[in-house]
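Work through these exercises with the model open beside you. Try each task before you read its solution.

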Amino acid sequence: MKNIQIDHFEISDNSKVFIIAELSANHNQNLNLALETIHAMSEAGADAVKFQTYTADTMTIDSDNDLFYKKNGLWKGYTLYQLYEKASTPWDWHSQLMEKAKSLGLICFSAPFDKTSVDFLEKLEVPAYKIASFEITDIPLIEYTASKGKPVIISTGIATVDDIQSAI
C-alpha cells in the first residue's frame, strides 16, 4: 500500500487506524452544539473531523412539487430544499469549527458537493477531501477536487465496481 499523508497523520500499513468523526448535520443549526460535538469527538479519540460542504441551492431546486417532498423518515414533510437547508453546515461556521478542531489536535477536512464548495474549502486550506458515495459518479467533481493535489478519500457505499473504476 502507498502511504498517504493527511496533515500530520501518515496512513500506512504500520500506522494506527485513522478515525474520522462525521459532523455533517449533527448540530441542528446550533453553532455551540457543533463546537461541543467536535470536543466530544476529540475526547472519544478521533483523529479527524469531517464536514459536508454544500448549500441547498447547489444540491437541489426550491420546489413545492410533490416529487421534491420526503414521504417518510426523519425528514417526512420537508422538501429536499428545506432538508438541505436545515442539514447543511453554514459556510460562515467552517472557519470557527476548523479552528476548534485544530486546537484539539484534530485534522479537519470536508466532503464538497460541487466546485464552489471545493473553491471555498481551498481558501480554508483543508489538507484533504472526501467524495461522498452518492457523488462517486460525478467524475467532473472528482477531477476538479483531485486537481487540487491533495488526498481524496472516496466512499464506495453505493458504488458498483464500474463506478469505482471510473472514479479512480
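## Exercise 1: A tyrosine in a loop

Tyrosine 69 touches Asp64, Gly77, Tyr78 and Thr79, leaving out residues up to four places away in sequence. Contact here means heavy atoms within 4.5 Å. This is a predicted model: local features need pLDDT of at least 70, side-chain atom pairs count only at pLDDT 80 or more, and totals for chains, interfaces and linings use all residues. Residues are numbered from 1 along each chain as its sequence is written, and side-chain values use heavy atoms, with hydrogens and water left out.

**Task.** Find where tyrosine 69 lies, and say how its accessibility is classed.

**Solution.** 
- Step 1: Tyrosine 69 lies in the loop between helix H2 (56–59) and helix H3 (80–87). Helices (H or I, at least four residues) and strands (E, at least two) are DSSP runs, numbered from the N terminus.
- Step 2: Learn the classes. Buried means under 20% relative accessible area, exposed means over 50%, and partly exposed is in between, with a 1.4 Å probe and protein chains only.
- Step 3: Apply them. Tyrosine 69 has 29% relative accessibility, so it counts as partly exposed.
- Step 4: Lysine 2 is 67 residues away from tyrosine 69 along the chain, and their C-alpha atoms are separated by 44 Å.

## Exercise 2: Positive phi

**Task.** What is the phi of serine 24, and what is the phi of glutamate 125?

**Solution.** 
- Step 1: Phi of serine 24 is near 40 degrees, a positive value in a residue other than glycine. Serine 24 lies in the loop between strand E3 (20–22) and H1. At 15% relative accessibility, serine 24 is buried.
- Step 2: Phi of glutamate 125 is near 60 degrees, a positive value in a residue other than glycine. Glutamate 125 is in the loop between H5 and E6. At 63% relative accessibility, glutamate 125 is exposed.

## Exercise 3: Helix against helix

Two packed helices are described by the angle between their axes and the distance between the axes.

**Task.** How do H1 and H4 pack, and which residues meet?

**Solution.** 
- Step 1: Read the geometry. H1 and H4 pack at about 25 degrees, with axes 9 Å apart. Axes are lines fitted to C-alpha atoms, for helices over the stretch in contact, and angles run from 0 to 180 degrees between N-to-C directions.
- Step 2: Class the angle. H1 is therefore roughly parallel to H4. Angles under 35 degrees count as roughly parallel, over 145 as roughly antiparallel, 65 to 115 as roughly perpendicular and the rest as oblique.
- Step 3: Name the residues. Leu31, Ala34, Leu35, Ile38 and His39 in H1 meet Trp93, Gln96, Leu97, Lys100 and Ala101 in H4.
- Step 4: Sort them. The contact of H1 with H4 has seven nonpolar, two polar and one charged residues. Ala, Val, Leu, Ile, Met, Phe, Trp, Tyr, Cys and Pro count as nonpolar, Asp, Glu, Lys and Arg as charged, and the others, Gly among them, as polar.

## Exercise 4: The core

**Task.** How many residues does the largest nonpolar core have?

**Solution.** 
- Step 1: Define it. A nonpolar core is a set of buried Ala, Val, Leu, Ile, Met, Phe, Trp, Tyr and Cys residues joined through side-chain atoms within 4.5 Å.
- Step 2: Count. The largest nonpolar core has 33 residues, and Phe51 and Leu97 are among those with the most contacts inside it.
- Step 3: Look for another. Apart from this core lies another of six residues, among them Tyr54, Leu83, Ala87 and Phe113.
- Step 4: Zoom in. Phenylalanine 51 touches residues including Leu23, Ile38, Leu97 and Met98, not counting residues up to four places away in sequence.
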